[in-house]
Every structure is written in C-alpha cells, then in structure tokens.
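Hi everyone, thanks for making time.

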Amino acid sequence: MSETEHSALPWRIGQQPSEIVDVNGCYVTDCEWRNDELTVDANAALIVRAVNAHKGLVRLAEDVMDSFRGSRIAEDARLALAAAKMGE
C-alpha cells in the first residue's frame with residue numbers, strides 16, 4: 001500500500017492569516033473554525049510552526065535517545081518521539 005505524501009514543506013501563512021499554503025503557494029487548508037479571528041490566526045500560525053519543526057525535532061529526539069541511552073532524558077526523548085510519530 002502506498003503512503004500519501006503531505007504537501008511540500010515548508011508551509012507558511014497564505015494571503016489570509018487563517019490560510020496555510022505549501023512551499024509552492026498551493027493551498028493546504030485554512031483554520032476558519034468557529035473561533036474568534038485572533039484565535040483562528042493563532043491556530044494557523046501554530047500549525048505552520050509545528051509542521052515545519054516536526055522533522056528536525058524527530059531527528060533531535062532520535063539523537064538524544066542514542067547519546068543518552070538509559071537515562072531519564074533518553075526516556076523523555078523516547079516518549080516525545082512516540083507522540084510525534086503517532087499516526088504515521
């Protein structure tokens with residue numbers, strides 16, 4: 001079974017503060033939920049930051065697990081990595 005790839009990274013805010021587009025300017029989604037405008041814009045900005053940081057944070061957690069094997073920090077990294085990879 002082939003896995004569908006997400007839109008190209010990095011993502012950014014589009015023409016509207018609630019709109020998210022990919023690196024090519026293609027529409028990804030918008031955050032027009034039933035919240036006030038400031039919350040909608042903040043949600044979109046958070047999604048963009050989280051998506052763009054995900055790959056680097058996963059690599060960092062893997063490196064921490066390798067470098068600090070058997071320690072509390074390695075266990076914290078393992079838990080964070082498991083949460084980040086949930087749904088993959």
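Let's begin with aspartate 76, which is partly exposed at a relative accessible area of 37%. For that scale, buried means under 20% relative accessible area, exposed means over 50%, and partly exposed is in between, using a 1.4 Å probe and protein chains only.

Before going on, a word on what you're looking at: this is a predicted model, where local features need pLDDT of at least 70, side-chain atom pairs count only at pLDDT 80 or more, and totals for chains, interfaces and linings use all residues. Residues are numbered from 1 along each chain as its sequence is written, and side-chain values use heavy atoms, with hydrogens and water left out.

As for pLDDT, that's the predictor's confidence in each residue, from 0 to 100. The protein chain averages 87, and 92% of the residues score at least 70. Among the elements of the chain, helix α2 has the lowest mean, 90, while strand β1, residues 12-13, has the highest, 94. Those element names come from DSSP runs numbered from the N terminus: helices are H or I with at least four residues, strands are E with at least two.

Back to aspartate 76. Which side chain does aspartate 76 meet in a salt bridge? The partner is arginine 72, at 2.5 Å from N to O. A salt bridge here is a side-chain nitrogen of Lys or Arg within 4 Å of a carboxyl oxygen of Asp or Glu. By this rule the count comes to four, and I'll show you some of them. Aspartate 76 and arginine 72 both sit in α2, four residues apart, about one turn of the helix. Arginine 72 is exposed, at 60%.

Another one is between arginine 78 and glutamate 75, with the closest N and O atoms 2.6 Å apart. Both are in α2 again, three residues apart, about one turn of the helix. Arginine 78 is partly exposed at 38% relative accessibility, and glutamate 75 is partly exposed too, at 34%.

Now for a pair that reaches further. Glutamate 62 forms a salt bridge with lysine 85, and the closest N and O atoms are 3.2 Å apart. This pair links distant parts of the chain: glutamate 62 is in helix α1, residues 37-67, and lysine 85 is in α2, residues 72-85, 23 residues apart. Glutamate 62 is partly exposed, with a relative accessible area of 30%, and lysine 85 is partly exposed at 35%.

That brings us to the two helices themselves. Two packed helices are described by the angle between their axes and the distance between the axes. Here the axes of α1 and α2 come within 8 Å and cross at roughly 150°. Axes are lines fitted to C-alpha atoms, for helices over the stretch in contact, and the angles run from 0 to 180 degrees between N-to-C directions.

Which residues meet? On the α1 side, they include His54, Val58 and Met65, and on the α2 side, they include Ile73, Leu81 and Lys85. Contact means heavy atoms within 4.5 Å. By class, the contact of α1 with α2 has nine nonpolar, one polar and three charged residues. Ala, Val, Leu, Ile, Met, Phe, Trp, Tyr, Cys and Pro count as nonpolar, Asp, Glu, Lys and Arg as charged, and the others, Gly among them, as polar.

Last stop, the strand end. The peptide bond from leucine 9 to proline 10 is cis, with omega near 0°, and proline 10 is in the segment before β1. Most peptide bonds are trans.

Is aspartate 22 buried or exposed? Aspartate 22 is buried, at 6%, and lies in the loop between β2 (19-21) and β3 (27-30). Beyond its neighbours within four places in sequence, aspartate 22 is in contact with residues including Pro10, Trp11 and Val28. In contrast, glutamine 15, in the loop between β1 and β2, is exposed at 79%.
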